[in-house]
Amino acid sequence: MKGGRILVVDDKEAILGLWRRILEPDHLVATALDGERAIALLPHGAFDVVVTDLKMPGVDGLQVLAAASKLSPGTEVVVVTAYATVERAVEAMRGGAFDFLTKPFEPDQARLRVERALERRRLRHTASELEQKYLASSGFGQMQGTSAAARRVFGLLAKAAATELTVLLQGESGTGKEVAARSLHAASARKEGPFVAVNCGAIPSELLESELFGHAKGSFSGAASDRVGLFEAASGGTLFLDEVSELPLPMQVKLNRALQEREVRRVGETESRRIDVRVVAASNVDLRERIGEGRFREDLFYRLNVFPIRLPPLRDRREDLPALAAATLERFRRREGKGPRAVAAEAMEALVAYGWPGNVRELENVLQRAAALCEGSEIRLGDLPPELAREAREHPLPSAMTFRDALKQAQDQAARRYLHSLMEAHRGSVTRAAESAGMARETLHRQLKRYGLEPARFRGSGEPES
């Protein structure tokens, strides 16, 4: 049977009979004439959904709800009452009820409530399975890693993939936000649909509306024919809005409306068109700071920030370097038909010691260059860019150290060098340096203090603090 196991609880036989007529034969229905009997059935019935009347003599519906939450936490609960008040509804929802139904009800309405509860149950079960699978694995889709930071992201992506929620990916440039979005799409129910990616900062502002929403023939100079926008092109799939922070404010208003109403209006048309698309947005800057600066709309931020996921920088997941290097070299060999299969120990030490300001993207570029130069079966220190080899020679790691201590020392050395270069590049301006690094100003201040780097030492004579 494709349906679910439903337990219906009501102190009236006629109501139980009505529920059986509504739900059978699509679902397996068990009934209980009072709350006490229902609670006794919960540990043994493996029910997907409990439908319970709220007002019953003895053990009432709220007690059944509490027992279901404790004895069968995966079960969804729909509460029913003829005594509908806001207070009772709120109390039931706070207690974990999925939905609320008032008497008298239409059969179709009741059936829909149960079907939605079953769908919620299936999604939660799938999300839990996916999360456990990816927490125990070394990757998620095209993403690789076994570090705690990576596995935490994989678990969140797995949960997001089991829903239709809008996802906001945040992280520094090069951390793999588009790869994460593609992997999320491939793991979702929309995987057979299109994945459409657009860089919001790469399209001229005067063309953005037409690109996203489409236009009608003759709506402006050069519109020689009707054009389908990217929202419509992504129908049934996923639309990835990269660098969403770069959208001009007028376009943010229109995007917010499209997300809210789930419809778009082509330029030059008066009728709106319904859209069936899952949106994943990405930003390498702190959108909350942009809101404070008046450069990003708060209402759009909350529309996008439904399921936020922050991708960690590579310097915070250095233990993933061997897996990332192996995956990059494998892709190089498949594409070129030849190439090294491994990274020599001294070269890996240099990779671990480096600060990676460009994150995974920079790592991939470095390894592909090294693979092209390499003449043997493994990448050696001399195949790496001079700055990586120089750092490894100048800051060797003592062999007497444990791996954990060596990794920590390398991280600290790389972080200090990175912050020193960052502040030099921005002449001591914490504001500009924080924006460039994709971190909050307060976070950068804390890091500078941690590594003993005073912003004033990087400023020229007479330069103001900023």
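The model is predicted: local features need pLDDT of at least 70, side-chain atom pairs count only at pLDDT 80 or more, and totals for chains, interfaces and linings use all residues. Residues are numbered from 1 along each chain as its sequence is written, and side-chain values use heavy atoms, with hydrogens and water left out.

I begin with the cores. A nonpolar core is a set of buried Ala, Val, Leu, Ile, Met, Phe, Trp, Tyr and Cys residues joined through side-chain atoms within 4.5 Å. Buried means under 20% relative accessible area, exposed over 50%, and partly exposed in between, with a 1.4 Å probe and protein chains only. The largest core has 29 residues, and L212, F231, L239, L241, V244 and L255 touch the most other members. Among the elements that each supply at least two residues are helix 8 (205–213), strand 12 (238–242) and helix 10 (249–261); helices (H or I, at least four residues) and strands (E, at least two) are DSSP runs, numbered from the N terminus. Helix 10 gives the most, with four residues. Apart from this core lies another, of 25 residues, including L351 and W356.

I turn to helix packing. Axes are lines fitted to C-alpha atoms, for helices over the stretch in contact, and angles run from 0 to 180 degrees between N-to-C directions. Helix 8 and helix 10 pack at about 15°, with their axes 10 Å apart. That angle makes helix 8 roughly parallel to helix 10, given that angles under 35 degrees count as roughly parallel, over 145 as roughly antiparallel, 65 to 115 as roughly perpendicular and the rest as oblique. In this pair, L208, E209, L212 and F213 of helix 8 meet M251, K254, L255 and A258 of helix 10, where contact means heavy atoms within 4.5 Å.

Helix 13 (residues 321–336) and helix 15 (residues 359–373) pack at about 50°, again with axes 10 Å apart. Helix 13 and helix 15 are therefore oblique to each other.

Finally, the backbone. Most residues other than glycine have a negative phi, and most peptide bonds are trans. The peptide bond from E24 to P25 is cis, with omega near 5°, and a cis bond also joins K103 and P104, with omega about -10°. E243 has a positive phi near 50° and is buried, at 15% relative accessible area. R427 also has a positive phi, of about 50°, but counts as partly exposed at 46%.
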